[in-house]
Every structure is written in C-alpha cells, then in structure tokens.
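User: I would like a close look at one part of this model. Please keep the answer connected and stay with what the coordinates give.

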Amino acid sequence: MPWIFRGLRDGVLTTRYPRRPDPYADDGVESLARPLPGAEWEPGLDGLCPTGAITGDADSMVRLDQGGCVGCGACVLARPDTFAWQHGSRQSRVDRAGLIVPEVPGTDEELARLRAELGQRTKALRRSVHIRHVDAGSDGSEEWEILALLNPVYDVHRLGIFFTASPRHADILLVTGAGTHGMAAPLARTLEGTPRPLVVIAAGTDAVSGGLVAPSYATSNGIGSLVPVDVWVPGSPPSPFALLHAILLATGRLR
Amino acid sequence: MTDLTGRRFAALIGDGDTTSGITLHTIWGTPLGLEVVAMPLAPGTTHYPSLTPDIPSAFWYERALHDLYGVIPDGHPRLDPLVLPHIDNGTPLPRRVMGTGLFTIPHGPVRSGVFESVEYVVETPGEDIPHVNVRPFAKHRGLEVRFGAMTVHSGVMLAERVEGIASVAHALAFSHAVERLTGAEPPPRAQLARVLHAELERIANHLDVAVKLADAAGLAVAVARFGYHKERVLRLVSALCGNRFGRGVVVPGGIRSQPRLAPGVLQPRLDELRHDIQADAGALMGTASFLDRLRATGPLDPDEAALYGLLGPVGRACGLDLDTRWRHPYDAYPLLKHDSGPQRDAGDAMARLQVRWDELDQSFDLLRQVIELLPDTEDTLRAPVEPVAGIAVAAVEAPQGEVLYLIRADAEGHLSRCAPRSASFHNLAVFSHTFAGDILTDFPFIEASFGVSIAGVVM
C-alpha cells in the first residue's frame, strides 16, 4: 500500500518526446562528432581519430563516419575549427552509408528505396511493437541505456513499445555489441526463431563497426556480416533518446 | 586467499608467447600494496604445476590462461574452456550431478530480458539447484590483444569499454598504472574530480542492483522509483562532463576537462537525490515480501569468502573488507573522512544489499567533502606523462570491487601488454557456490546481488 502513494509522489516525470521536443534529447549528451559545414580536408586530420573514422577525399571535404565514432571527442578538442559535437538524438539511419557526414552524393535513390521497403514491411507494427534485445558482445553500457527506456522518464510503453522475453514474440531484434564469435550461433538461432516481418537494429557504434574493439580476432567487427541490419544507431553507447529515435524510425513513425 | 604473511591472491596474468617463453605474473595483495611475482617458463614449455589445489581462487585464472596462452597447469581440477567458445559438436551438455530425475537447463546465452549474454548451465531435479556451471565465453572480445595496438595515452579509451558500467574505475586503474610507471602526479583538482566521478558511478551501479532486485520481486513501483533515481544520476554525470558514463574524463596524468557544474549547483542536486533515495530505500527495506526473498538467499560462508579473497560488496557482506579506497588510498581519498560503517557478515543477498545502501550513504558523504574542497584547488588539470619503458600494476575500487591493471610499455609509450582484471571476474568464480538450499526462483535475486558485468569477466 505505501508503494502506491510513493509512486504518485513526484507527479508525471515522463518526457513528451517525440510529440514535443525534449531539451535533454536535443542537448543532453555529447555522443557523436561531426565535421563543421564546409570544413576542408587536410592531411593529418585522419590521425586524430582512434577508430579511423575521419577520411578525406578528392572533393577536398572532411568526412566523418559516425558509424565508427566512439564519442571520445579527440577531434573536437584538437581541431574545434573543423569538428564539433553533433546535437540531437536523430542519429540513426536506414543505410550504413548514411552515417557518413557530410553525406556522400548520389545515395538518394537507394535511400528512398530502402525507406519505402522498410515502411512497407513495418506497416503492421506502427501501433504496437515487441522488441527482443540480444547482446552480441557489448561492453555492458548499451544494456543500461536500453533498460533506461523502461524507466518512468522515457516510459516507452506509452508509445506501444514493449520488450519481450522470447524471440518468438518479437518484431524487432535490437542487437548490441561488436558481434563476438561466441554469439554468432546464438544470434543466428534467435534470428531464425523470430517471426516475419522482422526489423533488425544495430544498436551502438560497436554493433555498427566494432568501434574501438575492432579489429579483433574474437569479433566480426560489427554485426553487419552476421544479420541483415535495417537500422544503424551510432553512439558508444547510444543515449536512450537515440535508441528511441531508432525504434520509431524502424517502425515508420517519423517523417 | 591469505597466507601466513597476510598475502592475498589477487590475480594470475600471462605474458609473452611459447617460442620465447611465457611469463606468469602472480599478483598478491599485501598490507603494503600489490606485489607482482614473475614466474618465467622456459621457451617452448607449456606445463607448470597448477596453483589451484593450494589457492582455490586461481581456478578461473588458470582456465583463462589455458584458453589464451595454451599453458597447461598440471593438477588442475577441471580445465574446461572459460573465455573461448566451447566446440559445439552436438554432444549433450556435460553433467556434474548424477541421479534420477535430474536434468540440465541451459540458461542463456540469450537471456529472458535485457541482460548481458552469459550461459548458466543449471542442473536441477526441478526446484533445488545442486549445481550451476557459469559459461561466460559468448562475450569474449579479444580486448587484451587489442590493447597491444594502443599507447599509454589512447589505451584509456579502451579501458573505459572493458566494463562499460564501471568506465571511470577502469580508466582510473589504467591511468594509475601509467602514472606509477611514468612517475606522473595528477594535480589536486584532478584528484578531486576523479573521486567525484568514481563515487557517482558507484551510486549509479548500486541503484542498478536495487532496480534488478526489486524487479526480481515484482515490485513495479520500486523498480520505477530506483530507475528514476538512476536516470537522475546518469543525467547529473552527463551535465558534469557530456557523457552519461563519465567517459573521457579520466586520462593518464589527470583529467581532461573541468567539471561543468558549479559546486553551488551540484550540491543541492545531490542533497535532493540523497533524500529521495534514502526515503525509497527505507520503504524497500520495510517491505516484508521483498526481504523474505533476500534473507538467507545465496549465502556465502565467511571462511570461504576469506579463502577466495572476495572483492567489493560481495566480500564486505561476508565481513571481508578489501576496500582499496581505504587500504591503499589513491587520488583524493587520503583527504576524505569516512566512517567504517556497520559491519555486515551474514553473507547472504540481504547483507550484500545492506552493504550497498551503506556505501551509497558513504558516497554522498564523500561527494560533499569533495565539492567543498574543489574550489580551493588550482585550475591545473593534468600533469605531463613522459613515457618510460617498464611494467607497472595498479588497483582502484570499482562499484564491483577491486579493479586491477598490469601494463608493460616501451620507451615510446606503446603498450606491449595490458591486462585488466575486474572484480566481476574474481567474484563470479564463486557464484556457483551460493546455491545451497536455494531454488530456481531465487536465481535472479542471487545473480542481481552479485552485481557483476559479464563484459568485464571475459573481455
């Protein structure tokens, strides 16, 4: 009985995101870097990044693959004239190449096709979706951020998003970690045990590219070669808002 | 395990390769600090006499060494793989307990809920748990080899990802090892800021255990309350440094940036948090249906705890106080006053939770002192770190217990060896000893009360 009143103690704590903007979603965490608009390539910039995510090319622009960004901030600290923190939680993409900023020209058609295909597949999942999480070699922090989605601040149940214990009830596989060899078979069996339609989300920089763990003899340097990934979420770890954005993107609930 | 001279077996770490000869470093905890004893094997040798018959806590260390270095401890009781995958050749799961009606439940590696991957092979006649075999290999990421491509400066980022929920503690242990090697002395401001982040991390971790225990008991409101408090702590950490796990703060030689909140803003937020946590913890510890599930659940015998040298809250719940913060104070801890607090020695899941509440209280006391001292220090954040060739070992107290790093670097600062040892690894080895008289429904309580991270176990 005392717990009932305790639960009412602080009133409504829950964010209104995505219907209303949330300041913490926009500005709470520094998790990814980006090149400033118009930043020009110069030799040596690639050496700033511990995962080699910074590249330059013939058009002399600096590009940063956020799928490899671990949010260490080394580039932002060393070259504030060229790099800055990316604000906001709209960080996930439906194509792996889309994580490269600024975007590589000529990918629009492919992106539109991917979006349309995903939208078609997830039509039935828009109001209620069940998620099965699989840890394929995370550092443990991703699990904390996923669990945070269930606390009263994010409370994803209000959006019809639920976590399920069995892959047989799941619509989404939310996979974390760099894809260890020890998890390759259990992950494949989980994928096989999940009904279709199915969406696979690669949650976190480790899942996208292996992050700092790659290259490693014990992992596949990301889960992309183990399962067909539909949504890529960078971040080491991705914040709860970034994860929520990915789930909403996967189910076609964002414009 | 402590011997006659008061030494405690802390770790066994391999180094080198078979062709040029493998060196086994035994690390002992002594009243004066950590002592490394090198045991070089002749080139080409792979056999050595097992330590496990005399030192039971070496059981897992020798299995891990066998996996990663191919060395064979002669006389080891059970040299099963631990960190490398078992070869799945379709044979039935191994049975340790024989009898009619016994069966084996493979619990994991994909668990029923949002958990880290680990496989518990539970042998049971239906309700009792006569035997549990922990198989954590699914998450092995090969980090020790990965460290070999890093330097004394960049290695700290990988250290933060060894055990993500104890990022600050791992960064600290790594940095202390580098500082011990190079003689760098972090400035006072950095020493205080390090304690600030380490204690906030402890609070978040202990709240996480409270969430998991309340969840196991089905107390929905308690789960929501402690989950809310934990979120507040993570948001406070992100307001201080930009990252919810305190990553990027600790670097060898000091810290990277100033705490972004003024003491006048930070202290009231902590006071409010402490008040709310204490109120909810009080309610939880007055909920009979919850306490019934913890009392006498997952008991560990004090003698056994001493024999294994159990670390952190698991050891302290058995009356074994191996808190690195006070035994061998580092950073700003020597400046801070602390009570020893009530002694807990029941050794069950209840005592482990009580230890965590005591520690949480103590952390808030320490934070208050740190915040008072912060403004009176100079703005310097970092001492220069000049690479020196050599080997060094250092330990700090993570929320899970003592985290230990052994590093070997060359004169350019390249790491030729970096071996982390988390408290999770040391403690999880006795997890299977705690099921005397407990049944399957007690499992989640016992697991949560250990508070380990599998990422830090197999790396």
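In chain B, what percentage of the contacts with a separation of 6 or more is accounted for by residues 24 or more positions apart? Start there, then describe how chain B is built and which elements of chain A touch chain B.

Analyst: The model is a predicted one. In chain B, 67% of the contacts with a separation of 6 or more are between residues 24 or more positions apart. The chain itself consists of 15 helices and 13 strands. Its radius of gyration is 22 Å, close to the 23 Å that the globule rule gives for 459 residues, so chain B is as compact as a globular protein of that length. Along the principal axes, its C-alpha atoms fill a box of roughly 70 × 60 × 40 Å. Buried residues make up 54% of the 459 in chain B.

One is helix α6(B), residues 220-241, with 22 residues. At 1.5 Å a residue the helix should span 32 Å, and its end C-alpha atoms are 32 Å apart, so the two values agree. Most of α6(B) is covered, with 16 of the 22 residues buried. After the helix comes B:Gly242, which has a positive phi near 95°.

The other is B:Val314, in helix α10 of chain B, residues 312-316. B:Val314 has 31 C-beta neighbours inside 10 Å and therefore counts as buried, the cut-off being 20 or more. Setting aside neighbours within four places in sequence, its contacts are B:Arg352, B:Gly401, B:Asn427 and B:Phe450. B:Asp379 is 65 residues from B:Val314 in sequence, and their C-alpha atoms are 38 Å apart.

Now the partner chain. Chain A has eight helices and 10 strands. Its radius of gyration, 19 Å, is close to the 18 Å from the globule rule for 255 residues, so chain A too is as compact as a globular protein of that length. The C-alpha trace spans about 65 × 40 × 35 Å along its principal axes. Of the 255 residues, 52% count as buried. Among contacts in chain A between residues at least 6 apart in sequence, 77% join residues at least 24 apart.

Where the chains meet, 49 residues of chain A are in contact with 46 residues of chain B. On the chain A side, α1 (2-8), β6 (129-135), α5 (141-148) and α6 (181-192) each give two or more residues. That side has 27 nonpolar, 17 polar and five charged residues.

Of these elements, α5(A) has eight of its eight residues buried; among them are A:Trp144, A:Ile146 and A:Leu147, and also A:Glu142, A:Glu143 and A:Glu145. The buried residues of α5(A) pack against β6, β8, β9 and α8 of chain A, and against α5 (188-216) and α6 of chain B. The α6(B) in that list is the helix described above, with 16 of 22 residues buried.

Strand β6(A) also belongs to an open sheet of five strands, ordered β7-β6-β8-β9-β10 in chain A with parallel pairing. At the edges are β7 (161-163) and β10 (231-233) of chain A, each of which pairs on one side only. From one strand to the next the twist averages 25°. Three bridges join β6(A) to the parallel β7(A); in one bridge, A:His130 is paired with A:Phe162 of β7(A). Helix α8(A) packs on the sheet and touches β7, β8, β9 and β10 of chain A, its direction making about 170° with that of β10(A).

Definitions and conventions
Residues are numbered from 1 along each chain as its sequence is written. Chains are lettered from A and ligands numbered from 1 in the order in which they are written. This is a predicted model: local features need pLDDT of at least 70, side-chain atom pairs count only at pLDDT 80 or more; totals for chains, interfaces and linings use all residues. Helices (H or I, at least four residues) and strands (E, at least two) are DSSP runs, numbered from the N terminus. The radius of gyration is taken over C-alpha atoms; the globule rule is 2.2 Å times the number of residues to the power 0.38. A residue is buried if 20 or more other C-beta atoms lie within 10 Å of its own, exposed if 12 or fewer, and partly exposed in between; C-beta atoms are placed from the backbone. Two residues are in contact if their C-beta atoms, placed from the backbone, lie within 7 Å. Ala, Val, Leu, Ile, Met, Phe, Trp, Tyr, Cys and Pro count as nonpolar, Asp, Glu, Lys and Arg as charged, and the others, Gly among them, as polar. The expected span of a helix is 1.5 Å times one less than its number of residues. Two strands pair if DSSP finds at least two bridges between them. Axes are lines fitted to C-alpha atoms, for helices over the stretch in contact, and angles run from 0 to 180 degrees between N-to-C directions.
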